Amino acid sequence: MANPTRAGDGAPGGTSGGTQDGTPGGVPGGAPGSTPGGAPNRAMNTFSPADEEKFRGVRRMKLTATGLLLLVAVVYVLAKWAGNSGAGAWAGYVAAAAEAGMVGALADWFAVTALFRRPLGLPIPHTAIIPTKKDQLGVSLGEFVGENFLSQDVVRQRLSSVGIGSRLGTWLADPEHADRVTAELATALRGALAVLRDSDVQAVVGEAINRRADAQEIAPGMGKMLEKVVADGGHRRIVDLVCVRAHDWLVLHDEQVMDAVQGGAPGWTPRFVDKKVGERVYKELLRFVTEMRDMPTHPARGALDRFLGDFASDLQSDTDTRARVENLKREILGRGEVQDLIASVWSSVRQMIVAAAEDERSELRLRVRASLLSLGARMAGDARLQAKVDGWVEGAAVYVVTTYRDEITSLITDTVAGWDAEHTSKKIEAHIGRDLQFIRINGTVVGALAGLLIYTVSHALGG
């Protein structure tokens with residue numbers, strides 16, 4: 001008997017070795033035991049201690065089955081000798097049973113051995129099925145999984161019976177689970193923000209703002225807003241504030257105003273005339289601002305109301321005004337100061353989010369936790385929401401299996417194709433070989449009983 005740790009010599013109870021084409025086990029053209037991508041498929045190309053223990057059990061069962069074959073062979077020889085020596089009719093019955101038992105044992109030995117290797121090393125057709133048909137078996141397995149496990153009806157039926165919405169709701173309603181999900185979301189958020197580069201985000205945000213601004217004209221919206229402000233009198237507080245500030249400034253800077261007026265006078269006018277004109281202009285300006293401040297019905301206020309109303313109308317309907325506003329908008333957005341403002345805003349927002357995600361007592365995490373608990377409670381008790389969640393999950397799963405079914409089945413096919421033929425055969429034999437040896441034992445026993453029955457019926461009919 002050959003070394004039992006190799007994949008055998010083809011003898012009854014033994015194990016065989018090597019592939020059937022004389023090449024080392026593995027993928028043609030690649031390293032032994034490598035996948036089509038070149039990475040070693042360690043799961044099927046190595047033997048774990050558990051696999052070794054199972055294979056020792058297989059060897060013990062092989063010895064038992066082979067020992068039973070040798071036993072019936074000895075019984076057959078002794079029965080034949082006894083019959084030739086005149087021991088009586090019983091020897092014929094025993095010999096017939098033993099002979100049929102040997103036939104059954106040999107036939108089942110051949111069938112079991114042919115799965116893993118060529119019996120006795122002979123090139124008999126349709127033997128060494130697993131090593132030689134491994135790739136075809138992988139294709140068939142992939143097709144079987146795709147047709148029977150990755151079909152739309154099977155996925156929907158299985159998921160609908162699980163009740164994902166109800167289970168997920170019950171799970172999320174547990175405060176401990178909500179805390180765990182909140183922590184995981186915070187970790188994911190921090191990781192995402194750490195991976196993102198500020199320059200990339202700023203470029204995306206700036207581009208989005210510019211694209212949005214270019215796509216939408218702002219003048220009509222500004223006109224409608226200004227029109228509503230004027231109609232509601234909302235601008236009057238600003239006018240009041242400007243008048244108050246202007247009056248106070250004139251009171252504090254009277255000399256500066258008069259000097260400015262005198263400085264603009266012609267050079268040929270006398271100085272006292274310039275001074276009188278400056279004082280007069282200052283007094284009239286102060287009187288005008290004071291009256292405008294104290295009189296809500298001042299004509300200047302009415303003129304300002306009419307001006308703002310006309311401007312609001314022009315913003316909505318006048319082509320030239322709208323064009324000027326658009327040009328001004330583009331100039332403002334194109335300025336470096338505005339882009340720097342966008343960059344600084346993103347940096348501040350990112351720091352704020354990271355700090356909130358790290359702080360377990362931050363408002364962000366507390367709100368997320370409360371939302372998860374509320375969602376879990378609703379999902380646990382709301383049948384309509386459960387149905388929606390189940391529908392979303394089923395739709396997503398169906399989309400995945402129908403769209404990527406070929407990729408999923410090719411994973412099975414390619415994985416099987418990357419298995420080393422010798423190790424695959426040995427590993428499969430380690431897992432199912434013990435049960436297969438019972439087939440040999442059963443074949444011996446059933447063959448003996450069938451032979452005994454046939455011999456008995458033949459003698460009965462012949463007698």
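Student: Where does histidine 126 lie?

Tutor: Histidine 126 sits in the loop between α3 and α4. The model is a predicted one.

Student: What is the phi of histidine 126?

Tutor: Start with the general idea: most residues other than glycine have a negative phi. Histidine 126 is not a glycine, yet its phi is positive, about 60°.

Student: Is histidine 126 buried or exposed?

Tutor: Histidine 126 counts as exposed because its relative accessibility is 72%, and the cut-off for exposed is over 50%.

Student: Which loop holds leucine 120, and what is its phi?

Tutor: Leucine 120 belongs to the loop between α3 (90–116) and α4 (129–132). Its phi is near 60°, again a positive value in a residue other than glycine. With 53% relative accessibility, leucine 120 counts as exposed.

Student: Which glycine follows α2, and what is its phi?

Tutor: Glycine 86 follows α2, with a positive phi near 80°.

Student: How do I read the span of a helix, and what is the span of α2?

Tutor: Compare the distance from the first C-alpha to the last with the value expected at 1.5 Å a residue. Helix α2, residues 49–84, has 36 residues and reaches 53 Å, close to the expected 52 Å. Helix α18, residues 383–403, can be read in this way too: 21 residues reach 30 Å, close to the 30 Å expected.

Student: What caps the N-terminal end of α18?

Tutor: Aspartate 382 does: one of its side-chain oxygens lies 3.0 Å from the backbone nitrogen of arginine 384.

Student: Which residues of α18 are buried, and which helices do they pack against?

Tutor: Buried here requires a relative accessible area under 20%. The buried residues of α18 are Leu385, Gln386, Val389, Asp390, Glu394, Val398 and Val401. They pack against α6 (152–162), α7 (164–172), α17 (363–381) and α19 (405–417).

Student: Which residue meets the side chain of glutamate 394 in a salt bridge?

Tutor: For a salt bridge, look for a side-chain nitrogen of Lys or Arg within 4 Å of a carboxyl oxygen of Asp or Glu. The side chain of glutamate 394 meets that of arginine 156, at 3.5 Å from N to O. This pair links distant parts of the chain, with glutamate 394 in helix α18 and arginine 156 in helix α6, 238 residues apart. Glutamate 394 is buried because its relative accessible area is 12%, whereas arginine 156, at 31%, is partly exposed.

Student: Where do arginine 56 and glutamate 53 lie, and how many residues apart are they?

Tutor: Both lie in helix α2, three residues apart, which is about one turn of the helix. Arginine 56 counts as partly exposed at 35% relative accessibility, and glutamate 53 is partly exposed with a relative accessible area of 41%.

Student: Which residue pairs with arginine 293 in a salt bridge?

Tutor: Aspartate 294 does, and the side chains meet at 2.8 Å, N to O. Arginine 293 is partly exposed at 28% relative accessibility; aspartate 294 is partly exposed at 46%.

Student: Which residues are linked in a network of salt bridges?

Tutor: Arg280, Glu284, Arg287 and Glu291 form such a network.

Student: How many salt bridges does the count come to?

Tutor: The count comes to 13 salt bridges.

How values were computed
Residues numbered from 1 in each chain as written. Predicted model: local features only at pLDDT ≥ 70, side-chain atom pairs only at ≥ 80, totals over all residues. Heavy atoms only, no water. Helix = DSSP H or I, 4+ residues; strand = E, 2+ residues; numbered from the N terminus. Expected span 1.5 Å × (residues − 1). Buried < 20%, exposed > 50% of the residue type's maximum accessible area, 1.4 Å probe, protein only. Contact = heavy atoms within 4.5 Å. Polar contact = N/O pair within 3.5 Å; in protein donor to acceptor, adjacent residues only side chain to side chain.
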